[in-house]
Each structure stands twice: as C-alpha cells, then as structure tokens.
Amino acid sequence: MTTETKARTGEDMPPVAEMREAMGGFLNEFKGFRAEISKRFQQQDDKMTMIERKSLVQGRPHLAGERDSGAPHRKAFDAYLRSGDDDGLRGLEMEGKALNTSVAAEGGYLVDPQTSETIRSVMNSTASIRAIANVVTVEATSFDVLVDHTDVGHGWATETGAVAESDTPVIDRISIALHELSALPKASQRLLDDSAFDVEGWLAARIADRFARAEAAAFISGDGLDKPRGFLSRPAVDNAVWVWGNLGYVPTGVAGDLGGPDPIVDLVYALGAEYRANATFVMNSRTAGVVRKLKDADGRFLWSDGLAAGEPARLMGYPVLVAEDMPDIAAGADAIAFGDFRAGYTVAERPDLRILRDPFSAKPHVLFYATKRVGGDVSDFKAIKLLRFAAA
C-alpha cells in the first residue's frame, strides 16, 4: 500500500516513466515554439505581399502599351458607350496621368487611354499646322508666351573702358486662350448592342476626323472668337516696313500670279537666317500644282519630291506642308507662307478628352458629345513670312 502511494506522487518513479514524462513535456514545448515561429513567418509573408502590391499599384501604366481588351477601364468605358452603364466608371480608381474617371460638372467621363491616344495620333498625322507648330500641354484656361525685345548690352572690354549696360527689359505678353472643341457623332442602339462592332474604334475615328478638320482650319484662318486664332488672321504689312505685331509679306509683283520663280526666292530670304534652318513652306494643293512647275534660269525645277516614302516634298531645299485650308491663288491672297512655325506658332491644349453619352435627344439614335479644349496663336511675328499675290 505504501509503495503504490509513493509511485502515484512521483517519488521513486521508475527511470523509464520519468524519461517518458520529460520527453512529453519537451515535445509539447517544441510544438508550441514551432506554432509561434510559423505564425510569425506568416505575418512577415503577409507584410511582404502587401508591400509588393502597393509597389505594383503605384507604377504608372504605359499609355501606348499593348491594347488589353480585359483592362478594367476599357471594360467599364465600353459598357458606358454601349448601354450608358456608368457603375464601372464610378467605382474604378485609376493611377496615371489624365486618367481620372471622376464625373465632371456636365456629367462626362474622360476617355480611356487607348482611345485618347488614337485620337491624338490621327490629329498629329493630318496635314495641319499642328504637325510643324509648337504644341504645349497646359492645365489652366490659357497659356502665356513672354517675348523679350531687349538686347543685352555688350562691347569689347578694355582695362579702363566702361561696359554698356542692358536697357530696361521690354517684354510682350501673348496670351493664348483655350477654347472648347466639340464633336457629336451618333450611332443606333442596335449597332451598339452588336458585340462585334468596335464602338471605341469607330468613335475614335469619327472624333479624330472632326477635330482634325476643325483644328486645321482654325490654326490658319481662325478669328480667335471661340476658336484658336490663325496666323492669317493677324495683320500683315509689307516686309520692308515690318514692325512687331504684324506678319511681313512679300509681293509677287503681279496680281493673282507668281510671275516666275523670283518671288519664291525673295520670300525665303525675307525670313531671318536664325529661322530659315527650321523653316517650312505652307500652301494648298492647287497652289502646289502651280509652284512645282517653276524652273530656274538653267531649266531646273525648284520643287523636288521626297526621296523616301512619307518624306515631304521640298521647295528650294525646304519641306512643304500641303494644308488644304490655305487660300487659293488670287489677287491679293496670301496663298503661301514660309517660316519656322515651331517658333512662330504655338498650339496649347488640355490633355483630357471628355465624352458625354446622350440617348434621349436623337431617339432612336445615341449621341456622343466629345469635347476638348485647345487654343493657338502666333507666338513670334518674326518667324513667319507670307507671299502675297499682288502687284505691291
């Protein structure tokens, strides 16, 4: 009886039983330690995963990358165009320039990046002053160009001679206001319901065509009232009496006619040497048809076609932009322009393009009201010269 009681209380426990009890305690502690280590490793892995996801989200998407038909913004925008369902756009968060999908005051949405790039590339490739002008992107409602007319005082320095001081700066401010350019294509709801119909491609092509034609005309002859101001709407004076604020023109000597190649030569050298290196001729197709027949005294054509596909034709070695909105040859018409348009004309635009879907105004058709803001004006009056088809 006494021996059984001592064994129960752990006294005089056989060595084998004592070893088993110690091993059991060790295994229990080891299991607890392993569970704690596994828990900490899992927590660390969760933290690393969260950091990696944040890093990936902060990376800006490539606007000109490969088209992804499964991209969330593309799906949401496609749903909005086809059915007016804007739930996807309202709940979508985008990281990138000009891709904010918030609702504007008039209820429009910004176009997805692929469509926006399509429109911009088509406009840049058209025969418009945009292709050779200085194009800037602004966030404000206007863009100011500051022109300093003051020359810096200079002279040959001597040990005791005084150096001429600069005059007080005389700075002109040319303010280019941005105006709203709009297009209103429409499509039937049945066409939009057809899943085989590429609604975004069609919309981009229609908007690009309308915007390109409107811009091309405004950059040449726009009056500045609710549209860009074209360079031909600026006052023009004889280049012999040119002053800032006007464009200089060279008369052909014959009303409504070139009278030979000499006026073209006079036009080229009426432009300052600092501008001639980057200068371009601008004229329409009918004028180009007349000019390309001109020959010099040795019977050589002044006009030469581009040597490679896509390369512009050249007149006296300078590229020619054929812009159909230039005036035809007529008495008193400024049918040819020559200058460094990168310095002489500035196009200012906002980067965003908005589209508003209107299924009510033209039933059973759906209207798409697309808008963007753009402006343009002469920024350097010395950089552009005109050829006037007049006697004087």
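Student: Which residues make the nonpolar surface patch of about 860 Å²?
Tutor: Met19, Met23, Phe26, Leu27, Phe30, Phe33, Ile37 and Phe41 make that patch. Keep in mind that this is a predicted model.

Student: Where is Phe33 placed?
Tutor: Phe33 sits in helix α2, which covers residues 15-58.

Student: Is Phe33 buried or exposed?
Tutor: Phe33 is exposed, because its relative accessible area is 53% and the cut-off for exposed is over 50%.

Student: Zoom out. How many helices and strands does the chain have?
Tutor: The chain has eleven helices and 17 strands.

Student: And what share of the 392 residues counts as buried?
Tutor: 37% of the 392 residues count as buried. The chain's accessible surface comes to about 22800 Å². Carbon and sulfur atoms hold 53% of that surface.

Student: Contacts between residues at least 6 apart in sequence: what percentage joins residues at least 24 apart?
Tutor: The figure is 73%.

Student: Now the inside. How many residues are in the largest nonpolar core?
Tutor: That core has 43 residues. Those with the most contacts inside it are Ile129, Phe231, Val282, Phe341, Tyr345 and Phe368.

Student: Which elements give two or more residues to this core?
Tutor: On the strand side they are β3 (142-148), β4 (171-177), β5 (179-183), β8 (247-251), β14 (345-349), β16 (365-378) and β17 (384-388). Helix α7 is on the list too.

Student: Which one gives the largest share?
Tutor: α7 does, with seven residues.

Student: Switching to Thr346. Which strand holds Thr346?
Tutor: Thr346 lies in strand β14.

Student: Buried or exposed?
Tutor: Thr346 is buried, because its relative accessible area is 3% and buried means under 20%.

Student: What does the side chain of Thr346 make a polar contact with?
Tutor: The partner is the side chain of Ser379, at 3.0 Å.

Student: Who else touches Thr346, leaving out residues up to four places away in sequence?
Tutor: Besides Ser379, Thr346 touches Asn134, Val136, Phe143, Val145, Ile176, Gly375, Gly376 and Asp377.

Student: Backbone next. What is the phi of Asp226?
Tutor: Phi of Asp226 is positive, about 60 degrees, although Asp226 is not a glycine. Asp226 sits in the loop between α7 (199-221) and β7 (236-238). Asp226 is exposed, at 69% relative accessible area.

Student: And what is the phi of Met316?
Tutor: Met316 has a positive phi near 55 degrees, and Met316 is not a glycine either.

Student: Where does Met316 lie?
Tutor: Met316 is in the loop between β11 (314-315) and β12 (318-322).

Student: Last one. How far apart are Tyr269 and Lys385 in space?
Tutor: They are 9.8 Å apart, C-alpha to C-alpha, and 116 residues apart in sequence. Tyr269 is in helix α8 (residues 262-270). Tyr269 counts as exposed, at 55% relative accessibility.

Terms used. Residues numbered from 1 in each chain as written. Predicted model: local features only at pLDDT ≥ 70, side-chain atom pairs only at ≥ 80, totals over all residues. Heavy atoms only, no water. Helix = DSSP H or I, 4+ residues; strand = E, 2+ residues; numbered from the N terminus. Buried < 20%, exposed > 50% of the residue type's maximum accessible area, 1.4 Å probe, protein only. Core = buried A, V, L, I, M, F, W, Y, C linked by side-chain atoms within 4.5 Å. Patch = residues over 30% accessible without salt bridge, like charges linked within 9 Å, V, L, I, M, F, W, Y side chains within 5 Å. Areas by Shrake-Rupley, 256 points an atom, 1.4 Å probe, with all protein chains shown as cover. Salt bridge = Lys/Arg side-chain N within 4 Å of Asp/Glu carboxyl O. Polar contact = N/O pair within 3.5 Å; in protein donor to acceptor, adjacent residues only side chain to side chain. Contact = heavy atoms within 4.5 Å.
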